[in-house]
Amino acid sequence: MLRCPLLILLLSLVAIDTAWSKGKKDVMNKKQLTAAVKNIQTQMESRVTPVYLDNGYLLAFRVTPGIGVSVFDTYMRTGYDDDNYVARLTMPCGCTSVDGSQPCDRHYRGKVLDTWSNIDRVRVSLYEGGEEKAFVEFDGNDSSLDNWFRRDRLVDSSWPDLSTESQNYFSIAGHARADLGRRFFINKSYAGCPYDFGWLALIDVNDVCDWGKTSSTPKILYSPGSSYVHWGKGAEAVADVMTISVKLRGIDDGCAAQVMPQC
């Protein structure tokens, strides 16, 4: 069975061209040509392999820091995904890797974000050097694309105090205005920029506060310990990859065997 989408496309186009060149224009009419092209597309799309991480969760979204593209806008861009055959032909292999040293030119957006069904668990992971340093996991049952990231859906985390401490922000939309964009924001409290505390802040827009200022966006700030940090005091860490992955109901960890090859 042919598994290379580009090869399928080339061979199918050769077949169409051969039929046309042999004078079978009466057979290869517009309707048949359209059907042939659709068949090419169907075959290629059927060969787009879902991306599973080592834990058997399906990769739904991957943040690439410093590329100057809004994470929030990409995440909410319904109707676009990188699981189509054209995107996969041009996408650098690093875009599905948890290793931030590998090349990637975009935020990977999986098709599952648009279908968003049969979701059991949703996991946000922060990586440095290919190693998961922090995570938050949520109950995905009866959730939607934009409401699963909430305290009342919290299942597990590397920050145990998320369930005991209060938060002034805990959402995907976070805190956004002209001079800041703190997305996927889990924050404890504000008391003026030098006295802000929290767990996770994805800086989508260069920030008004010194602790969120950056020469290139997006930037992923997080607490590397088991509790919240005092932003801007050197306790926070910077992740080189953030992923959102989902566990589907009825899919066991055997899917880990289907992990897409890394770079």
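Two strands pair if DSSP finds at least two bridges between them. Helices (H or I, at least four residues) and strands (E, at least two) are DSSP runs, numbered from the N terminus. The model is predicted, so local features need pLDDT of at least 70 and side-chain atom pairs count only at pLDDT 80 or more, while totals for chains, interfaces and linings use all residues. Residues are numbered from 1 along each chain as its sequence is written, and side-chain values use heavy atoms, with hydrogens and water left out.

**Figure 1. The protein chain as a whole.** The protein chain has five helices and 13 strands. Of its 263 residues, 44% are buried (under 20% relative accessible area; exposed is over 50% and partly exposed in between, with a 1.4 Å probe and protein chains only). The accessible surface is about 12,700 Å², and carbon and sulfur atoms hold 53% of it (Shrake-Rupley method, 1.4 Å probe; for residues, only the protein chains shown count as cover). Among contacts with a separation of 6 or more, 59% are between residues 24 or more positions apart; contact means heavy atoms within 4.5 Å.

Figure 2. Strands of a sheet pair through backbone hydrogen bonds, either parallel or antiparallel.

**Figure 3. The hairpin of E3 and E4.** Strand E3 (residues 119–128) runs antiparallel to strand E4 (residues 131–139), with eight bridges between them. Arg121 has Asp139 in E4 as its bridge partner. Two residues lie between the strands of this hairpin, and Gly129 has a positive phi near 60 degrees. The charged end of Arg123 is placed over the ring of Phe135, 3.9 Å from its centre. A charge sits over a ring if NZ of Lys or CZ of Arg is within 6 Å of the ring centre and within 35 degrees of the ring normal. Elsewhere, Arg183 lies over the face of Phe72, 3.8 Å from the ring centre.

**Figure 4. Aromatic pairs.** The structure contains 15 aromatic pairs. Rings of Phe, Tyr and Trp (its six-membered ring) pair if their centres lie within 6.5 Å; planes under 30 degrees apart count as stacked, over 60 as edge-to-face and the rest as tilted. Phe61 and Tyr75 are edge-to-face, because their ring centres are 5.4 Å apart and their planes are at 90 degrees. Phe61 belongs to strand E1 (residues 58–63) and Tyr75 to helix H3 (residues 71–75), so the pair ties together parts 14 residues apart in sequence. Both Phe61 and Tyr75 are buried. Tyr169 and Tyr190 make a tilted pair, 5.7 Å centre to centre and with 45 degrees between the planes. Tyr169 is in strand E6 (residues 169–171) and Tyr190 in the loop between strand E8 (180–189) and strand E9 (197–205), 21 residues away. Tyr169 is partly exposed at 23% relative accessibility, as is Tyr190 at 29%.

Figure 5. One aromatic cluster consists of Phe61, Tyr75, Trp116, Phe138, Trp148, Phe149, Phe170 and Phe184. The largest nonpolar core has 38 residues, and Trp148, Phe149, Trp159 and Phe184 have the most contacts inside it. Apart from it lies another core of nine residues, including Leu53, Cys95, Tyr108 and Val241. Such a core is a set of buried Ala, Val, Leu, Ile, Met, Phe, Trp, Tyr and Cys residues joined through side-chain atoms within 4.5 Å. Neighbours within four places in sequence aside, the residues that Trp148 contacts include Tyr75, Trp116, Phe138, Arg153 and Phe184.

**Figure 6. Backbone features.** Most residues other than glycine have a negative phi, and most peptide bonds are trans. Trp116, not a glycine, has a positive phi of about 35 degrees. Trp116 is in the loop between helix H5 (112–115) and E3 and is buried, with a relative accessible area of 10%. Phe184, also not a glycine, has a positive phi of about 40 degrees. Phe184 is part of strand E8 and is buried at 0% relative accessibility. Thr217 and Pro218 are joined by a cis peptide bond with omega of about -5 degrees, and Pro218 lies in the loop between E9 and strand E10 (219–222).
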